[in-house]
Amino acid sequence: MDFFNPVIDGFGVVLQPTNLLYCLIGVVIGMLIGVLPGLGPAATIAILLPVTYGVEPVSAIILLAGIFYGAQYGGTITSVLLKLPGEASSVVTVFDGYALAKQGKAGTALGIAAIGSFIGGTVSIIGLTLLAPVVADVALDFGPPEYAALSLFGVLLVATVGNGGRTKSVIAAGVGLLLATVGRDTFTGASRFTFDTLNLADGIDFVPIAMGLFGLGEILHNLEERHRTVPAPAKVTNVWPSRADLRQSSGAIGRGSVIGFVLGVLPGGGATLSSLVAYAVEKRRAKHPERFGQGAIEGVAAPETANNAAATSSFIPLLTLGIPANATMALMFGALLIQGIPPGPQLVSEHPDLFWGVVNSMYIGNILLLIMSIPMVGLFVKILRVRPAILAPITVLITLLGVYTVNNQVFDIFLVIVFGVLGYLMKKFGFEPGPLVLAFVLGSVLETAIRQSLLIFGGNPAGFFTRPISGTVLAVLIVVLALPAIRLLARRPKTASSKDEELV
Amino acid sequence: MTERPLAQLGAAGVAGAIGVFGLVGSLALGLGRLTAPGPGLWPFTVSVVITVLAVVLALTGRHGTDTEGFTRASVQTAVAVLSLVVFAALLPLIGFEIPSLLLVFVWMRFLARSAGCHRWPSALARWLRSTCCS
């Protein structure tokens, strides 16, 4: 079987002791920051980007991927025990998870969440294994117009589907695109927006932007929000769920896996959205929807399964098309670029060891997480006792020294501070930094693709719509963007008529 | 969550300023033609989008509730940023050891005040011990 040879070789890559170690470190860090409210996976990956410079590409991506899906596991623990979602993707778990904990069934909730996460993750990895090479194969025929359409699709969808105001998110994405133009123009050689400083002549590096907006911005924002005291967590006993609980939640886990996988692939979907959708679906399907919020085990199983499945499947667009589906994947994109490996359809054929190594590391990582999460819950809860007064200075120091080590440039430290302040102010004024970072990453891809396409089409922009694939992508994009407006128009007469009925 | 129309207008104003700056800058670079795009064409397009959306935000977003007000705690954030700038300024002059210690000390001290656990004399003592003994 030709297809399975690289898959098996990939296992050979993961099972090398160094890679196993990086996988373990990744999932442990992921779980820790998942437990700690405030610092999310995006911030952590941003802060650790400089660390990956000296590491082999495969190990670096295995480490970062481990942080990402490990955080989905960790976020559950605080949601259930303390009613504090460690991650945005665990917010819906709070409703039923905390209710279960109050009934003394915290162990059951965590156990089901861990098992659901494992199954969701595994289903998604199998989907990734089967689907990714096919997509990459198709994508090899893509030209600049297709890439232009896909990048635009990615940027705009992330901006519109993400949380926060639509207008503000698109503005943030626009600023990201504008920042990406700083430096020398690859077509004409002209210097753009460099203000004649040598430091900006090569453009702004991705690392300071990501570290500033995600890392330092979050730290600064958290400085003001640390006044809440952490309540004593509920005691965790009997983590192994009973057979009845398992039977009750098996349907939710199955549906959660599928929902998570599908939504994770779509740009702007990702873990948070899929956990919300999975919860809503379970509630709608349930015979007694009033149980939800009172401690329904499906209310924990479905979102936790879905967010892990989505975390895994969101690697598909990145590894096969080179288009990051969400902000965290934009950081992975940056990490791959740092390693000198441009993500794209040629990744599967040119770097099979990296592709299959990373994919297969997720199997190992999920098993490690399952082993760790059930017996070691008590240990992770203790981490919450670490005071922010100790954590914040350490993370800030790692951030600033880390960015300095990349190029030995003090200018980069100042850049991080500037973008940190920008990230802080953006949060204060209701802007999401995610679309900015994503747009910055895709900015040069998008501009190059559009300009190449214009040259191909002889300056006629209609060419984007006449090519079948780019035309379809753009048509879908227009439909998605117009959908809220259409829905608004459709709803208006209906609400008017329902008012009439009430009056009658 | 409360409405802060001024904050929303300010946000729209800043976004608009960035857009206009982009417009002026990219016009100066030269737009070229669609058959031969100049260096300024793409930034110009993006800037147009930013400017238009900033106007939209100014007109429609005034009743948004997604902003957070500045409180007394925000002063601490300003101090924190200042300490980072000082750190970056000192780094090339005297190496990273002393600025790092100072940074950690400042952050622990002013974080400790509101958390109510560490008192600064004890932080000072610990800092002295770590610098003298190492």
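Reply: Over all chains, this predicted model holds 9 salt bridges. One of them brings together the side chains of Arg451(A) and Asp185(A), with 3.1 Å from N to O. This pair links distant parts of the chain, since Arg451(A) belongs to helix α20 (residues 433-456) of chain A while Asp185(A) sits in the loop between β1 (183-184) and β2 (191-192) of chain A, 266 residues apart. Both Arg451(A) and Asp185(A) are buried.

A second salt bridge is formed by Arg255(A) and Glu282(A), whose closest N and O atoms are 2.8 Å apart. Arg255(A) lies in helix α10 (residues 243-265) of chain A and Glu282(A) in helix α11 (residues 270-285) of chain A, so this pair ties together parts that are 27 residues apart in sequence.

Lys428(A) is buried, with a relative accessible area of 2%, while Glu68(B) counts as partly exposed at 25% relative accessibility. Returning to chain A, salt bridges that share partners join Asp185(A), Arg192(A), Glu447(A) and Arg451(A) into one network.

In the salt bridge of Lys428(A) with Glu68(B), the closest N and O atoms are 3.8 Å apart, and across the interface of chain B and chain A the rule finds 1 salt bridge, together with 4 residue pairs in polar contact. On the side of chain B that touches chain A, the elements giving two or more residues are α1 (5-29), α2 (41-60), α3 (73-94) and α4 (97-115) of chain B, and the largest share, 13 residues, comes from α3(B). The residues of that side divide into 37 nonpolar, 16 polar and 2 charged. The contact as a whole takes 55 residues from chain B and 59 residues from chain A, and the two chains bury about 4700 Å² between them, with 80% of that area on carbon and sulfur atoms.

As for chain B itself, there are 5 helices and 0 strands, and 37% of its 134 residues count as buried.

Notes:
Residues numbered from 1 in each chain as written. Chains lettered and ligands numbered in written order. Predicted model: local features only at pLDDT ≥ 70, side-chain atom pairs only at ≥ 80, totals over all residues. Heavy atoms only, no water. Helix = DSSP H or I, 4+ residues; strand = E, 2+ residues; numbered from the N terminus. Buried < 20%, exposed > 50% of the residue type's maximum accessible area, 1.4 Å probe, protein only. Contact = heavy atoms within 4.5 Å. Buried area = accessible area lost by both parts, 1.4 Å probe. Salt bridge = Lys/Arg side-chain N within 4 Å of Asp/Glu carboxyl O. Polar contact = N/O pair within 3.5 Å; in protein donor to acceptor, adjacent residues only side chain to side chain. Nonpolar A, V, L, I, M, F, W, Y, C, P; charged D, E, K, R; others polar.
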